[in-house]
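Please look over the chain shown below before reading on. The paragraphs after it go from the overall layout to single residues.

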Amino acid sequence: MPQDCLPKAVLYGQLKNRPRRRGRPKLRYSDKVKQGLKKFSIPADNWENPAHNRSVWRSRVKAGAVTAESHQRAQAEACRRARKQSALQSPSGEWTCSHCGKVCRSRIGIFSHTTAKHH
Ligand SMILES: [Zn+2]
């Protein structure tokens with residue numbers, strides 16, 4: 001691909017309309033792409049190579065999206081579990097917050113407490 005063809009020019013051209021802070025390196029579109037790739041856990045170093053091969057690229061993006069999604073799900077699940085464990089019901093029926101020791105009479109009370117205060 002010649003250096004001056006349009007896709008490459010767009011990809012590596014600096015974002016001219018973007019106001020920048022003094023002393024900061026210019027943010028290029030390819031840097032933005034790399035940030036996005038990081039989220040999808042695709043190695044940013046050689047993302048241009050698979051991008052040339054459409055089917056490989058597509059399967060990689062797809063796999064990355066699945067990974068990111070399941071990661072998000074696992075995190076939500078861990079959060080839910082932590083919330084459940086953060087409140088213990090005493091024999092007298094009261095709920096005690098294991099973070100700060102606050103006692104609530106109802107389950108919903110301790111639920112809203114742990115949700116609002118600790119997460
Ligand atoms: Zn608490």
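Helices and strands are here DSSP runs, a helix having at least four residues and a strand at least two, and they are numbered from the N terminus. Counted this way, the protein chain holds 5 helices and 3 strands. Their order along the sequence is α-α-α-α-β-β-β-α.

The model is a predicted one. Its mean pLDDT over the protein chain is 76, and 66% of the residues reach at least 70. Which elements mark the lowest and the highest mean pLDDT? Helix H1, residues 6–12, has the lowest at 61, while strand S3, residues 103–104, has the highest at 93. Where pLDDT is low, the predicted coordinates should not be taken in detail.

How much of the protein chain is buried? Of its 119 residues, 14% are buried. As for contacts in the protein chain between residues at least 6 apart in sequence, 15% of them join residues at least 24 apart.

Helix H2 spans residues 29–39, and Ser 30, Val 33 and Leu 37 are buried in it. Seen down the axis of H2, these buried residues fall within an arc of 55°, so they line one face of the helix. In general, an α-helix has 3.6 residues a turn, so residues three or four places apart point the same way. Lys 38 and Lys 39 are exposed on the other side of H2. Just after H2 comes Ser 41, with a positive phi of about 50°.

Ala 68 belongs to helix H4, which covers residues 54–85. Between Ala 68 and Lys 38 there are 9.9 Å in space, C-alpha to C-alpha, and 30 residues in sequence. Ala 68 has a relative accessibility of 23%, so it counts as partly exposed, a class that lies between under 20% for buried and over 50% for exposed.

The strands come next. The 3 strands make an open sheet with antiparallel pairing, in the order S1-S2-S3. S1 (87–89) and S3 are at the edges and have a single partner strand each, so one side of each has no neighbour in the sheet. Strand S2, residues 95–97, runs antiparallel to S3 and is joined to S3 by 2 bridges. Which residue of S3 stands opposite Trp 95? That residue is Cys 104. Helix H5 packs on the sheet and touches S1, S2 and S3, and its direction makes about 10° with that of S2.

H5 consists of residues 107–118, and Thr 114 is one of them. Is Thr 114 buried or exposed? Its relative accessibility is 2%, so Thr 114 counts as buried. A polar atom of the Thr 114 side chain lies 3.0 Å from the backbone oxygen of Phe 111.

His 113 is also found in H5. With a relative accessibility of 7%, His 113 counts as buried, because buried means under 20%. What does His 113 touch, leaving aside its neighbours within four places in sequence? His 113 is in contact with Cys 97, Cys 100, Lys 102 and His 118. Of these, Cys 97 falls within S2, residues 95–97, and H5 touches S2 as part of its packing on the sheet.

Methods. Residues are numbered from 1 along each chain as its sequence is written. This is a predicted model: local features need pLDDT of at least 70, side-chain atom pairs count only at pLDDT 80 or more; totals for chains, interfaces and linings use all residues. Side-chain values use heavy atoms; hydrogens and water are left out. pLDDT is the predictor's confidence in each residue, from 0 to 100. Buried means under 20% relative accessible area, exposed over 50%, partly exposed in between (1.4 Å probe, protein chains only). A polar contact is a pair of N or O atoms within 3.5 Å; within protein, one must be able to donate a hydrogen and the other to accept it, and residues adjacent in sequence count only if both atoms are side-chain atoms. The arc is that of the directions from the helix axis to the C-beta atoms. Two strands pair if DSSP finds at least two bridges between them. Contact means heavy atoms within 4.5 Å. Axes are lines fitted to C-alpha atoms, for helices over the stretch in contact, and angles run from 0 to 180 degrees between N-to-C directions.
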